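Good morning, everyone, and thank you for making the time. I would like to go through one model with you, slowly, and I will ask you to keep the display in view while I talk.

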Amino acid sequence: MVEGILFVVLAATSLGGAMTVVMARNPIHAAMGLLGTLFSLAVIYIINLAHLVAAVQIIVYAGAVMTLFLFVIMMIGVDKTEDTSETIPRQRLFIGILGLALLALGGALAIGDRFAWTPGTVRTEPVEGTIEILADRLFTEWLLPFESTALLLTIAAAGAIALAFFSRDGRVEK
Amino acid sequence: MTVTAGWYMTLGAALFSIGLIGILVRRNALIMFMCVELMLNAVNLSFVAGGRAWGSIQGQVSVFFVLVVAAAEVVVGLAIIVAIFRKRTSANVDLLAELKG
């Protein structure tokens, strides 16, 4: 019952934030809407016993990623003059149909009987997402993918620096 | 009223659809990036809810990898947007039409 109420409230806030991202003219408002969605999802993670994921969600997404977004918005200026008229005829209609179809498909798959795909021996009691349990999996079974993400982050940082410092003809900008 | 994983996954599907619609409708590169984040978060929600329904921690482990990929994508993507902005003084993706034949 409590979970039902929480789900309704959090679903409303997260969907409202998502709609703000899509509809807002001002990019700052869109960023704030995304922030609301991220916080709502963090609370949903806590309900789903994913405590560490919720903490990381707030630290990484609401902290780092949103700060980066707001920094870039401020740096390149708030552009409210976006032209939202469509150049491709009837694109809006197709977008609406595509979105509704995707939502219907996802909802039908999630709610319908097909969700009971439980294969073989699986524990059915929920697992609490504490640091110990997560780290135990992450540093044994998922060690190679985990190390690969370190490489990915290094490449991303190097790529961002390269994009910022080198111009097209290859010389370093002062 | 018991909330099953299907409810959360439906919410995830709705968030994913909104993100996809946003990418198709908006022209501002920054807002398109926010819509990508929205879609990644929708998938994370499905991972967490599915992992709980299965009684498995693997769903939450997957979320970490999605999170890292999202962070890397934001770093490179925003650097590209800033680099384009320094040339074009606009974040409108429709202006990037050099490859048009």
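What we have here is a predicted model, and so I would like to start with the confidence values. The average pLDDT of chain A is 83, and 82% of its residues score at least 70. If we go element by element within chain A, the lowest mean pLDDT, 82, belongs to H4(A), while the highest, 93, belongs to H2(A).

As for the fold, chain A contains 6 helices and 0 strands, and the order from the N terminus is accordingly α-α-α-α-α-α. Of the 174 residues in this chain, 22% are buried.

Now to the two chains together. How many residues of chain A are in contact with chain B? There are 68 of them, and they meet 60 residues of chain B. On the chain A side, the elements that each give two or more residues are helix H1 (2-23), helix H2 (27-47), helix H3 (51-76), helix H4 (91-111), helix H5 (131-138) and helix H6 (143-165). Sorted by class, this side of chain A holds 49 nonpolar, 12 polar and 7 charged residues.

The largest nonpolar core has 65 residues, and those with the most contacts inside it are A:Val21, B:Leu30, B:Met34 and B:Leu38. At least two residues of this core come from each of H1, H2, H3 and H6 of chain A, and likewise from each of helix H1 (5-25), helix H2 (29-54) and helix H3 (58-88) of chain B. The largest share, 15 residues, is supplied by H2(B).

Let me stay with H2(B) and look at its pairing with H3(A). Two packed helices are described by the angle between their axes and the distance between the axes. For H3(A) and H2(B), the axes come within 12 Å and cross at roughly 175 degrees, which means that the two helices are roughly antiparallel. In this pairing, A:Val53, A:Val65, A:Phe69, A:Val72 and A:Ile73 of H3(A) meet B:Leu30, B:Met34, B:Glu37 and B:Val48 of H2(B). By class, these residues divide into 8 nonpolar, no polar and 1 charged. If we set aside residues up to four places away in sequence, B:Leu30 touches A:Pro27, A:Phe69, A:Val72, A:Ile73, B:Ile81 and B:Ala91.

Turning to helix H3 of chain B, this is where B:Val82 is placed. Leaving aside neighbours within four places in sequence, B:Val82 is in contact with A:Val72, A:Met75 and A:Ile76. Is B:Val82 buried or partly exposed? B:Val82 counts as partly exposed, because 17 C-beta neighbours lie inside 10 Å.

Two further residues in chain A deserve a look. A:Leu49 sits in the loop between H2 and H3 of chain A, and its phi is near 65 degrees, a positive value in a residue other than glycine. Most residues other than glycine have a negative phi. The second residue, A:Ile131, is found in helix H5 of chain A and is exposed, because 11 other C-beta atoms lie within 10 Å. A:Ile131 and A:Ala50 are 81 residues apart in sequence, yet from C-alpha to C-alpha they are 9.7 Å apart in space.

Methods
Residues are numbered from 1 along each chain as its sequence is written. Chains are lettered from A and ligands numbered from 1 in the order in which they are written. This is a predicted model: local features need pLDDT of at least 70, side-chain atom pairs count only at pLDDT 80 or more; totals for chains, interfaces and linings use all residues. Helices (H or I, at least four residues) and strands (E, at least two) are DSSP runs, numbered from the N terminus. A residue is buried if 20 or more other C-beta atoms lie within 10 Å of its own, exposed if 12 or fewer, and partly exposed in between; C-beta atoms are placed from the backbone. Two residues are in contact if their C-beta atoms, placed from the backbone, lie within 7 Å. Ala, Val, Leu, Ile, Met, Phe, Trp, Tyr, Cys and Pro count as nonpolar, Asp, Glu, Lys and Arg as charged, and the others, Gly among them, as polar. A nonpolar core is a set of buried Ala, Val, Leu, Ile, Met, Phe, Trp, Tyr and Cys residues joined through C-beta atoms within 7 Å. Axes are lines fitted to C-alpha atoms, for helices over the stretch in contact, and angles run from 0 to 180 degrees between N-to-C directions. Angles under 35 degrees count as roughly parallel, over 145 as roughly antiparallel, 65 to 115 as roughly perpendicular and the rest as oblique. pLDDT is the predictor's confidence in each residue, from 0 to 100.
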